[in-house]
Amino acid sequence: MFLCILIGCTHGLIGSLPKMDNNAAELIVIRDHAFTGSGASYKVTLDDQAVLAIRVGEYAKLPVTAGVHKIGVGKFMSYNVRFEPCKKYYFVIKTSFSGIVIEPLSEEKGLDLISKSKYLPLENK
């Protein structure tokens with residue numbers, strides 16, 4: 001149990017997904033396949049609120065209202081992003097011995113990483 005507290009055993013949706021209309025943007029978060037940090041789930045934040053915990057080799061899709069939102073990974077790094085209605089936005093979480101980063105990706109690179117990753121379904125409970 002103590003080990004779970006240290007490395008973060010939370011997985012999947014944290015809290016609940018917002019109700020969205022048909023104009024929502026889609027945020028796709030992909031966790032790379034790096035060995036470093038592979039034992040831990042990383043919490044993805046949206047506007048400083050934890051929304052999901054993701055493991056190595058997974059990806060998840062989140063609906064996001066149009067407008068400016070802050071996307072991040074834990075308390076390590078974040079980006080302010082202007083989300084446009086009905087568009088898709090790809091981000092990758094990378095780990096190395098120097099730290100954890102979240103970076104935007106092109107659609108091409110995002111689709112390539114998704115093809116090598118496992119889908120993490122998110123459902124309100």
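Tyr79 is partly exposed, with a relative accessible area of 28%; here buried means under 20% relative accessible area, exposed over 50% and partly exposed in between, found with a 1.4 Å probe on protein chains only. The structure is a predicted model, in which local features need pLDDT of at least 70 and side-chain atom pairs count only at pLDDT 80 or more, while totals for chains, interfaces and linings use all residues. Residues are numbered from 1 along each chain as its sequence is written, and side-chain values use heavy atoms, with hydrogens and water left out.

Tyr79 belongs to strand 7. Strands (E, at least two residues) and helices (H or I, at least four) are DSSP runs, numbered from the N terminus. Beyond its neighbours within four places in sequence, Tyr79 is in contact (heavy atoms within 4.5 Å) with His69, Lys70, Ile71, Phe91, Ile102, Glu103 and Pro104.

Which strands make up the open sheet, and in what order? Five strands take part, in the order 1-4-3-6-7, with antiparallel pairing. Two strands are taken to pair if DSSP finds at least two bridges between them. At the edges stand strand 1 (12-13) and strand 7 (77-83); each has a single partner strand, so one side of each is left without a neighbour in the sheet. Strand 1 and strand 4 run antiparallel and are joined by two bridges. Leu13 stands opposite Leu52 in strand 4. In general, strands of a sheet pair through backbone hydrogen bonds, either parallel or antiparallel.

Attention now turns to the interior. A nonpolar core is a set of buried Ala, Val, Leu, Ile, Met, Phe, Trp, Tyr and Cys residues joined through side-chain atoms within 4.5 Å. The largest such core has 26 residues, of which Leu27, Val44, Leu52, Ile93 and Leu122 touch the most other members. Two or more residues come from each of strand 2, strand 3, strand 4, strand 5, strand 6, strand 7, strand 8 and strand 9 (99-105). A second, separate core holds seven residues, including Tyr59, Val92, Leu105 and Ile114.

Aromatic rings were examined next. Rings of Phe, Tyr and Trp (its six-membered ring) pair if their centres lie within 6.5 Å; planes under 30 degrees apart count as stacked, over 60 as edge-to-face and the rest as tilted. Three aromatic pairs are found in the whole structure. One of them, Tyr59 with Tyr119, is tilted, at 5.3 Å centre to centre and 50° between the planes. Tyr59 lies in strand 5 (residues 58-64) and Tyr119 in strand 10 (residues 118-119), so the pair ties together parts that are 60 residues apart in sequence. Tyr59 is buried at 12% relative accessibility, and Tyr119 is partly exposed at 39%. Phe83 and Tyr89 have ring centres 4.7 Å apart and planes at 70°, so this pair is edge-to-face. Phe83 is buried at 1% relative accessibility, and Tyr89 is buried at 16%. A ring also meets a charge: Arg31 lies over the face of Tyr42, 3.8 Å from the ring centre. Such a placement requires NZ of Lys or CZ of Arg within 6 Å of the ring centre and within 35 degrees of the ring normal.

How many salt bridges does the whole structure contain? The search finds four, a salt bridge being a side-chain nitrogen of Lys or Arg within 4 Å of a carboxyl oxygen of Asp or Glu. Among them, Lys88 and Glu26 meet at 3.8 Å, N to O. Lys88 lies in strand 8 (residues 88-96) and Glu26 in strand 2 (residues 25-31), so this pair ties together parts that are 62 residues apart in sequence. Lys88 is partly exposed at 49% relative accessibility, as is Glu26 at 22%. Another salt bridge joins Lys70 and Asp48 at 3.2 Å, N to O. Lys70 is in strand 6 (residues 67-73) and Asp48 in the loop between strand 3 (42-46) and strand 4 (49-54), so parts 22 residues apart in sequence are tied together. Lys70 is partly exposed at 27%, whereas Asp48 is exposed at 53% relative accessibility.
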